[in-house]
Amino acid sequence: MDDQVLRPAVGGEDAGYLLEFLQDGVFVTIYPSNGAEILFELSDVRQSLHDNGVNDYDIIELSKIIREAAGQRRKIADGFEEAAPEIEEENSDSQQNSEVQAEPEEESEPAGIIIDVSRDQMIATVRYDTSKGTKKPAEDDIKAALAEKGVIYGINEEAIKKGVRSLTPFVVAEGKQVQHGENAKIERKFDLSQKNRPKIDEYNKADYKDMGLFVLAKKGELLAVRIPQTEGIPGKNIFGLDVPARPGRPIPVPQGKNTEIRNDNELYATIDGQIVDSTRKIDIDPHLAIRSSVGAATGNIDFVGSVSIQGNVEAGFVVKATGDIEIGGMVNGAVVEGRNVMIKGGINGQNKGHVKAVEDVHAMFAENAVIEAGRDITIIDAILHSQVRAGNMIYVEERRGIITGGSIAAGEEIRCKLVGNAAAVVTKMSVGVDPTVQKRYQEVCRECKEDRGRLKQITQMLNTLGKIDVSRLPQQRIDQINALTRSQFPLAGKIKRAEKEIQALEEAMGRMKEGKIRVMDTVYPGVRISINSVIMNVQSSIRRCLLTVKEDRINIGTY
């Protein structure tokens with residue numbers, strides 16, 4: 001194609017279309033629109049073609065090209081008519097003379113001004129009607145057209161100055177956009193997204209024994225905050241009319257069970273427990289129900305409140321709760337600690353697990369287990385080779401009622417049917433001293449003895465260093481001496497507190513009730529009995545007896 005230009009092009013990408021007058025014909029290019037505003041219409045293109053002497057073209061094809069807006073050059077005519085030469089002679093034909101005079105009159109006419117207003121009355125756009133003329137209008141013409149349309153607000157003076165330099169449409173006025181109010185929202189102070197996911201430790205390793213089955217809240221903890229709705233900011237359209245803002249919608253504070261509202265917008269927990277969020281309400285549930293066994297699927301349990309488990313507690317896992325724990329199955333080599341522990345199955349400690357209760361423990365049987373209770377322990381069938389300690393009573397009176405092997409201790413009384421067995425398995429029974437108090441007493445005495453030895457060593461070292469000229473020692477050595485000097489004071493305070501606790505524990509053990517052991521059937525040889533620190537080794541079987549202390553000796557009475 002020969003691209004020799006015969007006449008200057010009309011339009012451009014800013015106008016939305018381009019007309020080119022080349023030796024090979026007349027070509028049009030329609031640029032794709034982004035849909036923000038209408039830059040031209042079919043009549044504008046036709047007027048430009050007419051003004052440039054292009055009258056022989058297919059209008060249907062032109063309409064199709066405009067709709068496609070492909071941005072490609074398309075031929076619409078083979079050529080155009082040249083403008084008639086200017087006639088200067090006074091004796092020219094009257095018709096030619098009138099045509100010559102008409103042409104400058106058409107050129108002197110300004111283009112028509114069209115003001116387009118957006119549907120929301122927030123934007124006014126100026127475009128030109130070149131069917132009336134192609135002369136560029138003045139700024140005052142634009143302002144007059146705006147006034148006639150009623151546009152009085154948000155007029156852009158700079159846009160008008162630039163807009164009259166060409167016949168390209170432009171935005172002439174913009175209103176003040178309204179800012180609608182924001183809806184109220186709830187900002188939760190907890191994260192439930194990590195539930196049922198293993199905890200990641202500092203080395204980026206997953207701990208599958210901590211599966212995060214629940215999220216806990218403490219009493220008085222802030223759970224959520226309501227951010228109130230806003231009223232919004234009114235706007236103004238291009239006609240100067242106020243556009244009211246739509247206020248945001250309110251939302252209630254999601255108060256649920258065991259929560260309370262403070263300061264109108266804050267939600268707090270009133271008890272310890274797990275957070276249960278149903279979107280509309282936030283509850284604090286003091287009870288955790290696990291409808292399976294505690295194992296790899298659940299991980300360890302450490303709950304503030306009570307826990308019920310339908311299945312077993314598998315070996316190697318831990319269940320801790322501040323409230324009661326109820327287990328429908330067995331405890332197999334696991335750790336269980338709670339206020340009261342109720343186990344419908346037995347306790348198979350496997351020499352590695354233990355069960356501990358602040359108050360009572362109740363189970364079917366115990367084998368190779370460690371059991372501690374602040375009050376009473378009740379075992380339905382048998383205690384075999386276990387370490388059992390209760391602050392008050394131990395009951396093994398139902399079914400077989402056997403205690404064989406291990407060590408059994410209670411603060412007040414032990415009741416059972418059989419103790420030991422015919423093979424003379426060593427079985428230790430102790431009553432009259434709370435085993436938990438006794439255990440603590442032994443621990444404090446041991447720690448106090450160690451601390452006294454450590455303080456004695458420090459004192460001896462400081463006495464030796466006191467004979468040396470410290471000023472001649474290196475700074476590092478001086479710092480060590482100063483640290484050693486400072487350490488003796490908190491250690492001395494710890495020893496003093498331990499001595500007070502030892503005295504209190506001794507007084508508590510001195511007030512212990514006289515212990516009793518009731519055996520409904522038989523005490524076999526090999527059983528070692530301790531009642532109020534009085535010891536007796538059973539050499540021959542004793543039947544249906546009540547063992548007490550009388551005159552510093554163990555008395556064997558009738559059951």
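1. Some ground rules. In this predicted model, local features need pLDDT of at least 70 and side-chain atom pairs count only at pLDDT 80 or more, while totals for chains, interfaces and linings use all residues. Residues are numbered from 1 along each chain as its sequence is written, and side-chain values use heavy atoms, with hydrogens and water left out.

2. Overall make-up. The protein holds seven helices and 42 strands; helices (H or I, at least four residues) and strands (E, at least two) are DSSP runs, numbered from the N terminus. Of its 559 residues, 38% count as buried, where buried means under 20% relative accessible area, exposed over 50% and partly exposed in between (1.4 Å probe, protein chains only). The accessible surface comes to about 32200 Å², and 47% of that belongs to carbon and sulfur atoms; areas come from the Shrake-Rupley method with a 1.4 Å probe, and for residues only the protein chains shown count as cover.

3. Contacts along the sequence. A contact means heavy atoms within 4.5 Å. Among contacts between residues at least 6 apart in sequence, 42% join residues at least 24 apart.

4. Helix H2. This helix spans residues 59–68, with Leu62, Ser63, Ile65 and Ile66 buried. Seen down the axis, the buried residues fall within an arc of 160 degrees, so they line one face of the helix; the arc is that of the directions from the helix axis to the C-beta atoms. Those buried residues pack against strand S3 (25–30), helix H1 (42–51) and strand S4 (73–77). The face turned away from the buried side carries the exposed residues Ile60 and Arg67. Alanine 69 follows H2 and has a positive phi, near 45 degrees.

5. Salt bridges. A salt bridge here is a side-chain nitrogen of Lys or Arg within 4 Å of a carboxyl oxygen of Asp or Glu, and by this rule the count comes to 24. One of them joins the side chains of glutamate 20 and arginine 73 (3.0 Å, N to O). Glutamate 20 lies in strand S2 (residues 17–22) and arginine 73 in strand S4, so the pair ties together parts that are 53 residues apart in sequence. Glutamate 20 counts as buried, at 15% relative accessibility, whereas arginine 73 is partly exposed at 38%.

6. Two further pairs. Glutamate 68 and arginine 74 meet in a salt bridge (3.3 Å, N to O), and Glu61, Glu68 and Arg74 are linked in a network of such bridges. Glutamate 68 is partly exposed at 40% relative accessibility, as is arginine 74 at 25%. Arginine 375 pairs with glutamate 359, their closest N and O atoms being 3.3 Å apart.

7. Nonpolar cores. A nonpolar core is a set of buried Ala, Val, Leu, Ile, Met, Phe, Trp, Tyr and Cys residues joined through side-chain atoms within 4.5 Å. The largest has 56 residues, and those with the most contacts inside it are Ile301, Val336, Ile371, Ile377, Ile394 and Ile529. S33 gives the most to this core, with five residues. Apart from it lies another core, of 19 residues, among them Ala15, Leu49, Tyr57 and Leu62.
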